[in-house]
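Thanks for coming. Please look at the sequence and the structure as I put them up, and I will go through a few contacts one by one.

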Amino acid sequence: MGRISKSYKNIVINKKKILVLIPARAGSKRLKDKNTRIINKKELIDWTIEFALKLKNIDKIIVSSDSEAILQKEKKFKDVVFLKREKYLSRDNTQIIEVIRDILKNYQSIDYIIILQPTSPFRELLNTNNFIKQVVIKNQDSGFSAIEIKENLLWSFKYKGDNIIPITKKFPKNTNKNNLDIFYRPSGEIYIAKANWIKKNKCLINKNSFFYISKNPLFVDIDTKSDLDFANFLTLKRK
């Protein structure tokens with residue numbers, strides 16, 4: 001757990017049906033029309049669709065969206081299924097798991113579903129393919145990519161009035177960063193889970209999920225205009 005084994009590099013997984021879902025809702029509070037914003041002359045959604053088309057051992061790629069601009073891309077990407085998302089699944093408070101479970105109603109034969117969020121456009125193809133193989137070969141229920149959080153969460157707090165409320169019961173006594181715990185979080189680059197596991201548990205990951213620590217030097221998670229600007233800056237490193 002946490003590393004991608006090189007022993008899986010040449011193994012082909014052809015007995016499991018794998019579906020890739022790219023959720024691309026039209027609305028976005030913090031960055032309007034986020035999924036169709038431009039990064040280096042290419043729309044954000046296109047980065048992820050083109051990546052999905054490069055993946056190995058995939059049976060179907062689906063884009064779920066309520067955006068007419070995105071749905072029109074079916075003319076450009078002939079090998080991708082574009083599904084119009086219902087209004088009740090396109091609200092600000094709609095959970096991604098609701099969208100996934102709705103998709104799976106019409107794809108009963110799928111063994112695994114992969115979620116690729118357009119907000120993480122720069123992925124590493126070799127690592128992603130190898131991770132998918134490991135999850136399937138090891139018969140894992142679910143898996144995801146994670147990144148190290150640079151800030152230490154033990155120093156985090158919220159406040160109510162003038163009262164500081166630490167994320168834990170109290171702040172750590174030690175101020176030496178070298179001796180503090182390291183924390184991680186899902187990076188959003190990839191989620192993968194058994195279809196039946198999602199139906200049963202109604203979630204993407206839990207404490208038993210398989211994972212790997214992404215060292216992607218071009219990682220970005222786009223949610224604001226500054227994130228978008230940073231992503232455009234990172235494309236300079238790709239040249």
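Start at Ser142. Leaving out residues up to four places away in sequence, Ser142 touches Ile192, Ala193, Trp197, Leu204, Ile205, Ser209 and Phe210. Contact here means heavy atoms within 4.5 Å. One of those partners, Ser209, also makes a polar contact with Ser142, side chain to side chain, at 2.5 Å. A polar contact is a pair of N or O atoms within 3.5 Å; within protein, one must be able to donate a hydrogen and the other to accept it, and residues adjacent in sequence count only if both atoms are side-chain atoms.

Before I go on, two notes on the source. This is a predicted model: local features need pLDDT of at least 70, side-chain atom pairs count only at pLDDT 80 or more, and totals for chains, interfaces and linings use all residues. Residues are numbered from 1 along each chain as its sequence is written, and side-chain values use heavy atoms, with hydrogens and water left out.

Back to Ser142. Where does Ser142 sit? In strand S7, residues 142-149. Strands are DSSP runs of E, at least two residues; helices are runs of H or I, at least four; both are numbered from the N terminus. Is Ser142 buried or exposed? Buried, because its relative accessibility is 2%. The cut-offs are under 20% relative accessible area for buried, over 50% for exposed, and partly exposed in between, with a 1.4 Å probe and protein chains only. Asn208 is 66 residues from Ser142 in sequence, yet the C-alpha atoms are 8.3 Å apart.

Now the whole protein. The protein has six helices and eleven strands. Of its 239 residues, 45% count as buried. Take contacts between residues at least 6 apart in sequence: 76% of them join residues at least 24 apart. The accessible surface is about 14,200 Å², and carbon and sulfur atoms hold 48% of that. Those areas come from the Shrake-Rupley method with a 1.4 Å probe; for residues, only the protein chains shown count as cover.

Next, helix H1, residues 44-54. H1 is mostly covered, with eight of its eleven residues buried. Among them are Asp46, Trp47 and Phe51. Keep those three in mind.

Aromatics. The whole structure has seven aromatic pairs. Rings of Phe, Tyr and Trp (its six-membered ring) pair if their centres lie within 6.5 Å; planes under 30 degrees apart are stacked, over 60 edge-to-face, and the rest tilted. Trp47 and Phe122 make an edge-to-face pair, 5.2 Å centre to centre with 80° between the planes. Trp47 lies in H1 and Phe122 in the loop between strand S6 (112-115) and helix H4 (125-137), so this pair ties together parts 75 residues apart in sequence. Trp47 counts as buried at 10% relative accessibility, and Phe122 counts as buried at 3%.

The rings of Phe230 and Phe233 are stacked, because their planes are at 25° and their centres 6.2 Å apart. These two residues are three apart in helix H6 (residues 225-238), about one helical turn. Phe230 is partly exposed at 40%, and Phe233 is partly exposed at 45%. Elsewhere, ring pairs link Phe131, Phe210 and Tyr212 into a cluster.

Charges over rings. The rule is NZ of Lys or CZ of Arg within 6 Å of the ring centre and within 35 degrees of the ring normal. Lys42 lies over the face of Trp47, 4.1 Å from the ring centre. The charged end of Arg123 sits over the ring of Phe51, 5.8 Å from the centre.

Last, salt bridges. How many are in the whole structure? Eight. A salt bridge is a side-chain nitrogen of Lys or Arg within 4 Å of a carboxyl oxygen of Asp or Glu. Lys42 bridges to Glu50, with the closest N and O atoms 2.8 Å apart. Lys42 is partly exposed at 23%, and Glu50 is partly exposed at 26%.

Asp46 forms a salt bridge with Lys73, the closest N and O atoms being 3.0 Å apart. Asp46 is in H1, and Lys73 is in the loop between helix H2 (68-71) and strand S5 (81-84), 27 residues apart. Both Asp46 and Lys73 are buried. Lys76 also meets Asp46 in a salt bridge, 2.9 Å from N to O. Glu43, Asp46, Lys73 and Lys76 are linked in a network of salt bridges.
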